[in-house]
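Let's take a walk through a protein structure together. Have the chain in view and follow along, one stop at a time.

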Amino acid sequence: MQYCERKNEAEYWLKSYLKKIGSTGLIHSINIGKMGRLILCNVRNLNICKVDHEDYFNDSTFYINLAEKLFSIRCNRIPCNKKPWIWECMF
Ligand SMILES: [Zn+2]
């Protein structure tokens, strides 16, 4: 699959996922990982982290593996960004 198609597929999936979990998070950038395996979607104000961060915005990144249909959500604030990775099925 071409880079653009993969980006679009990831964005499409993420928008429906955010709707499903009732999040008002906004996708502000989508990048492809260094190895080309993961799509990184940065989301502002995801609002699902249970840790109280001082920052108003709860910046998080979705790591999406389209080939294996897996995703992981990472809160980018300390100490959350030190937590082990948890992979979940996209569907
Ligand atoms: Zn957090």
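## A first stop: Asn-45

Asn-45 counts as partly exposed, because it has 14 C-beta neighbours inside 10 Å. Here is how that label works: a residue is buried if 20 or more other C-beta atoms lie within 10 Å of its own, exposed if 12 or fewer, and partly exposed in between, with C-beta atoms placed from the backbone. Asn-45 sits in the loop between E2 and E3. Its phi is near 60°, which is a positive value in a residue other than glycine.

Before going on, two notes about what you're looking at. This is a predicted model, where local features need pLDDT of at least 70, side-chain atom pairs count only at pLDDT 80 or more, and totals for chains, interfaces and linings use all residues. Residues are numbered from 1 along each chain as its sequence is written.

## The overall plan

What order do the elements come in? From the N terminus on, they run α-β-β-β-β-β, so the protein has one helix and five strands. Helices (H or I, at least four residues) and strands (E, at least two) are DSSP runs, numbered from the N terminus.

Now for the size. With 91 residues, a compact globule would have a radius of gyration near 12 Å, and the protein's 13 Å agrees with that. This radius is taken over C-alpha atoms, and the globule rule is 2.2 Å times the number of residues to the power 0.38. Along the principal axes, the C-alpha atoms fill a box of roughly 40 × 25 × 20 Å. Of the 91 residues, 14% count as buried.

## The helix

H1 covers residues 3–20, which makes 18 residues. From its first C-alpha to its last it reaches 26 Å, close to the 26 Å expected at 1.5 Å a residue. The expected span is 1.5 Å times one less than the number of residues. Just after H1 comes Gly-22, with a positive phi of about 70°.

## How the strands pair up

Two strands pair if DSSP finds at least two bridges between them. E2 (residues 39–44) and E3 run antiparallel, joined by five bridges; in this pair, Leu-40 has Tyr-63 as its bridge partner. E3 is also joined to E4 (residues 70–75), by six bridges, and these two run antiparallel as well. Look for Phe-62 opposite Ile-73, and for Ser-60 with its bridge partner Cys-75. E4 and E5 run antiparallel too, with two bridges, and Leu-70 stands opposite Cys-89 there.

Most residues other than glycine have a negative phi, and most peptide bonds are trans. E3 and E4 form a hairpin with four residues between them, and Lys-69 in the turn has a positive phi of about 55°. Is Lys-69 buried or exposed? It counts as exposed, because it has 12 C-beta neighbours inside 10 Å.

Further along, a cis peptide bond joins Ile-78 and Pro-79, with omega at about 5°. You'll find Pro-79 in the loop between E4 and strand E5 (88–89).

## The nonpolar core

In soluble globular proteins, nonpolar side chains tend to be buried together. A nonpolar core here is a set of buried Ala, Val, Leu, Ile, Met, Phe, Trp, Tyr and Cys residues joined through C-beta atoms within 7 Å. The largest one has 11 residues, including Ala-10, Leu-14, Leu-38, Phe-62 and Ile-73. H1, E2, E3 and E4 each supply at least two residues of this core, and E2 gives the most, with three.

Take Leu-38, in the loop between strand E1 (26–32) and E2. Leu-38 is buried because 22 other C-beta atoms lie within 10 Å. Two residues are in contact if their C-beta atoms, placed from the backbone, lie within 7 Å. Not counting residues up to four places away in sequence, Leu-38 touches Gly-33, Tyr-63, Ile-64 and Asn-65. With that sequence limit again, Ile-39 touches Arg-6, Lys-7, Ala-10, Ile-30, Ile-32, Ile-64 and Leu-66. Among contacts between residues at least 6 apart in sequence, 26% join residues at least 24 apart.
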